[in-house]
Amino acid sequence: MKHLLKMLDLNKQEIISLLNLADQLKYEQKHGIKHHRLAGKTLGMIFQKSSTRTRVSFEVGMYQLGGTALFLSSKDLQIGRGEPVQDTARVLSRFLDGIMIRTFEQQEVEDLAKYGSIPIINGLTDFCHPCQILADLMTIREFKGSFEGLKMCYLGDGNNMANSLIVGGLKVGMNVSIACPKEYQPDKEVLTFAADFKDKFQMTENSIEAAKDADVVITDVWASMGQEEEKALREKVFAGRYQINDEVMAAAKPDAMVLHCLPAHREEEITEKVFEAHAEEIFEEAENRLHAQKAVLVRVMEK
């Protein structure tokens, strides 16, 4: 595994291996066991989208692994002024040991990997969010013990989270159900992938139908970064239909867990009541960004 560009690139064995390593690193961190597996290594972090969890978790993670993280705002880089991505990739490859990028276009991540000579980690694009989904899978396994026989339900926008949850969930063997408006379905490439899992994948416009007997219920904001101008329109489409609330949770299994990648807009995609009832799971999920990403960093940068 040289890069982490999207969940579609990983097979089940690679995902499970990353999760096992994440569990190990989490145990070591909690018990004060040093694991400076990236001592002397430097990670460049390119941000074209703002962040709380991504920046802090990668920066802290590199510190705990004995390395250094360098924050690189697109406003300060020549890539933000029109330098071709292939030139940026080749220059940074001579300074750094790895790059994490949080940006808009998936192609920009793919091009960094194509033209650079160091590992590239996708911190988020409009197409996918592999680091978040690894943290989600880690959290599900922590709370449920395994993936065997579990049903994952996602409600809301067919965005980067939906794309990655579908792929990650199906690859580890879970049943996956998605409820989203027909105007906001997941990416066609992802739906083509899911078509090979006819007995394990369901997509509907009905949230109650999707949540029926679910072990895990997940959502995300209705308007992601870069979609602020669409917020009013999206609210009209999603409001009252795609919210995790008491009715949805009643359709899920009694011990169903709830996840949210954060930030959450309470009383929009999730009610305050449900959010607080499942806060332990949601904030464990947030913490697990640190551990899952450390596993990715070790896999791609440890030599």
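## Terms and model

Two strands count as paired if DSSP finds at least two bridges between them. The model described here is predicted.

Strands β1 (residues 42-47) and β3 (residues 98-102) run parallel and are joined by five bridges. Within this pairing, M45 stands opposite M100 in β3.

Both strands belong to an open sheet of four strands, ordered β2-β1-β3-β4, with parallel pairing. The edges are β2 (68-73) and β4 (120-124). Each has a single partner strand, so one side of each lacks a neighbour in the sheet. From one strand to the next, the twist averages 20 degrees.

Helix α4 (residues 106-115) lies across β3 and β4. The helix runs at about 165 degrees to β4.

## The five-strand sheet

Another open sheet has five strands, in the order β7-β6-β5-β8-β9. Its pairing is parallel. Here β7 (201-204) and β9 (257-260) stand at the edges. Each of these has a single partner strand, so one side of each is left without a neighbour in the sheet. The twist averages 20 degrees from strand to strand.

Strand β8 (residues 216-219) pairs with β9 in the parallel sense, over four bridges. T219 has H260, in β9, as its bridge partner. Helix α5 (residues 130-144) packs on this sheet. The helix touches β5 (151-155), β8 and β9. The direction of α5 makes about 160 degrees with that of β9.

Methods: Residues numbered from 1 in each chain as written. Predicted model: local features only at pLDDT ≥ 70, side-chain atom pairs only at ≥ 80, totals over all residues. Heavy atoms only, no water. Helix = DSSP H or I, 4+ residues; strand = E, 2+ residues; numbered from the N terminus. Axes fitted to C-alpha atoms, helices over the stretch in contact; angles between N-to-C directions. Contact = heavy atoms within 4.5 Å.
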